[in-house]
Amino acid sequence: MIRMTVVLGTTLFLATAGSGQEQAQIEVLRSDAPAAAKAAACRALKLVGTADSVAAIAPLLSVPELSHDARIALEAMPYAEASAALRDAVGTTEGVLRAGILDSIGQRRDQEAVNVVAAVLADGDLRVVASAALALGKIGTSEAARQLEQAYANAAEERRVVIGDGWLRCAAGLQQAGLVEEAAAIFGKLSAPGEPATVRGPALLGLLQTAGDKTPDRVRRFLAADDPMISAAAAAFLPYLPPTTLRSVVADSEQLPVASRLAVLAAARLSGDSAFAPAAIAAARSEDPVVAQAGMEAVAMLAGAPGLDVLLPIATTESPLAEPAWRAIEALRGAGVDAKLAAALPGRQDPGHQVRLIRALAARNASGSVPVLLDYVGSDHGEVRAASADAIVRLAMPAHVPAIVTLMLQTPRGAERDALEKAAMLALDDIADADRRTAAVLAGVDLQSDAQRVEFLPLLGRIGGDRALALVQAALGSSNAQIYEAGVRAIANWPDAGVVERLADLAQNARENHQRIWALRAMIRVSALPGTLPDDRKLALLRRAMEMAARDDERSLAIQRAGAIRTVESLRFAAAYLDHAGLAPDACRAVVELAHHKELRDPNRDAFVPALRKVIAVSSDAGVVDRAKRYLQELGEHKQSSQWGKRVSPRLASARLKEALLQ
Amino acid sequence: MNTSKLTRRRLIRRGLAAMAASVAAPLVVPRHALGRNGLVPPGERIHMGFTGLGGQGSGHLFGGAWTYLPGGYLARNDVQVLAVCDVQQSRAEDGKRRVEEHYQQRFGAGGYSGVSAYTDFRRMIERDDVDAVLIAASYHAQGFLAMLAARAGKDVYCEKPTSITIRWGRAMVDAFQRHGCIFQAGTQQRSEYDGKFRRAIELVRGGAIGTLKTVYSYQQGGGFSAPAPQPGTAGEIPPGVDWDAYVGPLPWFPYDGNTSGHRFGWGDINWGQHHYDIVQWGVGADDTGPVEIGLRDGTPWLKYANGVEVISGPYPGEAWIPGGACFVGTGGRIVVHRNGLTADPPEILRQPPGPEGNVYYSDSHSANFLDCVRTRQRPICDAEIAHRGNSLLLLAGIAQRLGRTLRWDPQREVFEGDDEANRMLSLAPREGWTLG
C-alpha cells in the first residue's frame, strides 16, 4: 500500500508541497519499501519535507545506494536539523560517501561543522580530504581558514593541491565577507613560487583583488614580471580595473613585454574608452606585427573616423598586415567613418584597392555611400563593377532608387544590370505603399519612350499597385508587339493575387503561346500566395489551372503550390496525384510540406497517415522519405509497430490512401 | 605530482619536443604559419583537449556543415590538439586516429602519435600540458565539467546549456572568476551569422527603437528532470563505455544503452540558451536578471527591474520564429533570427546606432575564445553572461512547474520568500562530483 503511494521518477521530484504528502513519504522511508521507493521519497521530500522528515532521512546517509538521495533531500532543506544530520553522518561513513556528505555540508555553509570537517582533513582517502577542504573553503570563516592552513602546512605534495584549493576558496569567502587583510595574507602564502600551479595562479589574482590603493602599482609590477604566471594574473585582472586605473596602466604599457602589452591593448579595446585611442594608434604603427595587429583592432573600437588615417595606409600596402587592416576598417566605429571611407574611394587608382574599399563599405552597411558606388558600376575593371553592384544591392535605400533606375537604362544587360534591378527592388521593399514604390521608379524613367516602357514594365509589374496596373493594362491594349509582351511579362510578375482573373484570361487568350504559358504559371503562383484570398478560393484557382494546363510542367507547379495552402483539402488535392508517374514527385513534396505544419497535421491524422505512408512507398527522394517518416513518427506511428518503415507496396499504400481520402 | 606551473612557452617547447621525438622527421612549425592571419602571437600554440565527440563536438574539432570554423579547430594553426575524450571509447579512439592522421598529413610526419584518448574528462584535465578544453558533452554534465576544468586551471569553450541548475551555474562562474580562467559559452549568435545579432543589439541598445519595452523571445524555458531512482541496480555495462563518466554528477542509474547528449530535460533547456542570451544582451542585463517571473495564459513572462518585459512567445499576430527575438520599443521594433534581421519601420536598420550601442565586437566565436586565451580578457559570452542567460530558461521552468508568479533577487540569486521555489535551484551532485 505504501509502495502504491510512491510515484517513481521525476513527477514527485518536482511535486508540490503538502503535509499529507510529507507524512506519506516519511512512512515510505520507515517501511521496508524497496530502495527505489525510498529514493523517490527522498526526492519528494527535497521539495516538501519539513524538519519532521529529517529523522527519517538521516539513517539513509550511511546506506551506500541511498546516501545520495538522502543528501538530495537534506541539502535543500533550510533547517538546523538537516545540518546536524549531515554533521553526524561524517562520523558514520567513510570513503566516497563521506566525501559526498562533506560536499553537502559545504554547500550549506554550515559554520557549526568546522571542527567536524577539519577532523577529516587527515583522512586516508584523498577524495575525503578534497571534499573536506572545499567544504571548509565554502564555510569561509577565519576558523575554517586556520584549520586549512594548519592542514596545508603539514600535508604531503599531493594533498597540498586539494587542501590549497579549499584554502583558496576560503580566502575568497573571507574577502567577500570584508576580511580583506586576512584574505590577502592567505593569497600571499599561496602565491609563493613553488606552490601548486592550480593554487598559485588564482592566489596571484587574489593578491591583485585585495591590493586596495596599491592596485595600480601592483598591476604594473605584475605585468612587467618575467614570471608568466604573475603577468598572466595581472592580464586576467585588467577587465576588472576601474577606468582611471586602467588608463594609468595603458599609459605605461609601451615598455611592457609583448604578451602583457597585447593584454593591455585588448583590455583597452574591450573597455570602449576612447581615451585609449592614442595608445591604440601608437601600437598600430608598431614595427612588431603582432603588436601592430592588436593596435589596429583597438583602433577599430576606439579611434573613430581619424582611425582611417592610420588604417588605410596599412591596408593599401602589400604587407601581411593589410588584410587585418581592412578588417579593422570594416569594424571601425564612430560617426563620420562611412563618409570618410567613401570619400577615399575616388583617390584610389589601384583596382584591387578599389574593390577592397567597396567591400569594406558594404560590410559596414554604409548606405550613404551608394551615390559614390554608382559611379563604379561602369568601371572598366570587371571586379570593380561586380563589387560595386554587389555593394549597391546590399546598401540601396528608397532614396537611391531613381538614380539606380537611371543607371540601369545606361547599363548593358548582364550581371551588373541585374544587380541594379535587384538593388532597386530590395530598396523598394522599404516602401509600404505600392503607388509610392511605382513613383520612385518612374522618377528615373521616361515612359514616353517605347524602349524605356519595354524595359521598365516588367519591373513595375513586380511592384504592383494601381498606378502600375494602369500602365500595364495600357500595354496589354497596345498594338506594339514588344510593348504588349512587356505588359504580359509585367502582369506575370505581379506580387499579389489581385490580377488573378486577368491572368486566367491571358492564359487562354494571350497573343502568343509562350505568353499564355507565362500567364498560366503566374496565375498558379499568385493563387497560393499568403493573404488576400480565402483558402478554398486559392484551391479552386489551382484546380482551374490544372484544367487549363496543357503540360505537366504547369500541373506540377500547381501541385507544388498546393503545399502552400494549409488545408486538408489541399492535402487531398495533392495526394490524388501520388499515383501519377510524372506528377508524383511534386505531389510527394506537397504532402510532406503540408505535414510539416503540426497544427494542420495533428487534427487531420486520419488523412495524413495514409498519405505519408504512400509518400514513403512511392518517393525516390531520400529527403522527402525521411521527412515523411519523421512526421509519421510525430503522429504516433512508431517504426516498430507499423509497416511504414518497411516501405509497404505502392498498391497497398494506394488502397489505404483512397480509403482515407474518401473520409 | 609535478606542481610547478609550466609556462605556455615552456609548454610549447615541451610539446614540440615530445612531437619531434615521436615522429620520423623533426617537426618545425614555421613562424609565419602560426597565429591568426599568419601572424604569431607570443602565446604561440594553444594546446587543447576536446570532450564529447558526437555531432557537435566533432563539428568543432573537425569542421562540418554547421560549424562556424571551416575545418574545425584542427585546421587552426594556433591550436594543437593533444587529447580527445568521449565516454564511448571507440569514439575517443577514432577521434585520436583522425587527429593524428591530420597532423601526419599536414606536417609530413608519418607515424606521429601525439594525441591521447580518454573516456573520463577528469583524467584529461589532470594533464599539465593541456591549456584549454572544448566541452560538447551531455548537457547534464557540461557546466559541471567546465567548473572542474577551471579548478584544474584550464580555459574552456563550453557548449550550451551551460548548467542544469542555477546553483551549478553560479558555482561554475565562481570557479572561473576565482581561478582567472577563460570561459566562452557556445552561444555563437553573439559572433556569427554575419553579425546580424550584434547589429540588432547595437540598434536596440543604441536607441534606434526608442525605449525598449518588451522582448518576444519565442522560447519557453524548461528544466531538468533527474533520471528515475534505481539505486542498487548497477546494470551490465558493456566494455568500451565509461558509464560512470556519462552519468557524471547525476543520481546513479543503470546502463541503458543511451549515451546521448540530450536527456532528462523538459521544455526548452537546450536551444533556448542561444536565444535568451540575445535577449539578455539586448536588455543590457548580462550581469543580472529579471526580478519577476510569471505565467500569462500558460506562457512564461519575465520582468526586469527597469520594467522591460520578456514574453516567451511570438509577437502578437505573428507566427513563431524558430529562435531569435523581437525587440519592441517606443519607436519601432526589430526582429532578429539566424536567417534574418528586419525592422518596423524598415529604415531603422539603416540608422547608425548611438554610442550606447557600442557592444562587444566579435566576428568569430572561436577566434574570440582563442584571442582571450592569449590575452586573458573576457570573451564575448563569458561564464557570468552565459549563466545569466541560461538562468532565464531555468527560472521560466520553475515558474511553469509551480504555476505562480515568483519574485527573484538577481543579485543574491534566490526567490524572495519562497522556500519551495528555492529548493528547485539546485541538486546535490553524486558522490565524487564536488560542486565548488
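These questions and answers explain the terms used for this predicted model.

Q: What makes a feature count in this model, and how are residues and chains labelled?
A: The model is predicted: local features need pLDDT of at least 70, side-chain atom pairs count only at pLDDT 80 or more, and totals for chains, interfaces and linings use all residues. Residues are numbered from 1 along each chain as its sequence is written, while chains are lettered from A and ligands numbered from 1 in the order in which they are written.

Q: Why is strand β13 of chain B called mostly covered?
A: A residue is buried if 20 or more other C-beta atoms lie within 10 Å of its own, exposed if 12 or fewer, and partly exposed in between; C-beta atoms are placed from the backbone. In β13(B), residues 325-329, five of five residues are buried. Both faces are covered: B:Ala325, B:Phe327 and B:Gly329 lie on one side, B:Cys326 and B:Val328 on the other. Across chain B, buried residues make up 57% of the 436 residues.

Q: How do you know that β13(B) pairs with β14(B)?
A: Two strands pair if DSSP finds at least two bridges between them. Five bridges join β13(B) to β14(B), residues 332-337, and the two run antiparallel. Therefore they meet the rule for pairing. B:Phe327 has B:Ile334 as its bridge partner. A hairpin of two residues links the strands.

Q: What pairs with β13(B) over four bridges?
A: Strand β7 of chain B, residues 212-216, does, in the antiparallel sense. B:Leu212 has B:Gly329 as its bridge partner.

Q: Why do β15 and β17 of chain B stand at the edges?
A: The open sheet has nine strands in the order β15-β14-β13-β7-β12-β11-β10-β16-β17 (chain B), with mixed pairing. β15 (340-344) and β17 (414-415) each have a single partner strand, so one side of each is left without a neighbour in the sheet.

Q: What is the order of the sheet of six strands in chain B, and which strands stand at its edges?
A: This open sheet runs β3-β2-β1-β4-β5-β6 (chain B), with parallel pairing. β3 (116-118) and β6 (183-185) of chain B stand at the edges, each with a single partner strand. Within the sheet, six bridges join β1(B) to β2(B).

Q: Why is α6(A) called roughly antiparallel to α7(A)?
A: Axes are lines fitted to C-alpha atoms, for helices over the stretch in contact, and angles run from 0 to 180 degrees between N-to-C directions. Angles under 35 degrees count as roughly parallel, over 145 as roughly antiparallel, 65 to 115 as roughly perpendicular and the rest as oblique. The axes of α6 (residues 80-90) and α7 (residues 95-107) of chain A cross at roughly 150° and come within 9 Å. So the pair is roughly antiparallel.

Q: What makes residues of chains A and B count as touching, and how many does each chain give?
A: Two residues are in contact if their C-beta atoms, placed from the backbone, lie within 7 Å. The contact takes 52 residues from chain B and 78 from chain A. On chain B, α6 (166-179), α10 (365-375) and α12 (419-422) each supply at least two residues of the touching side.
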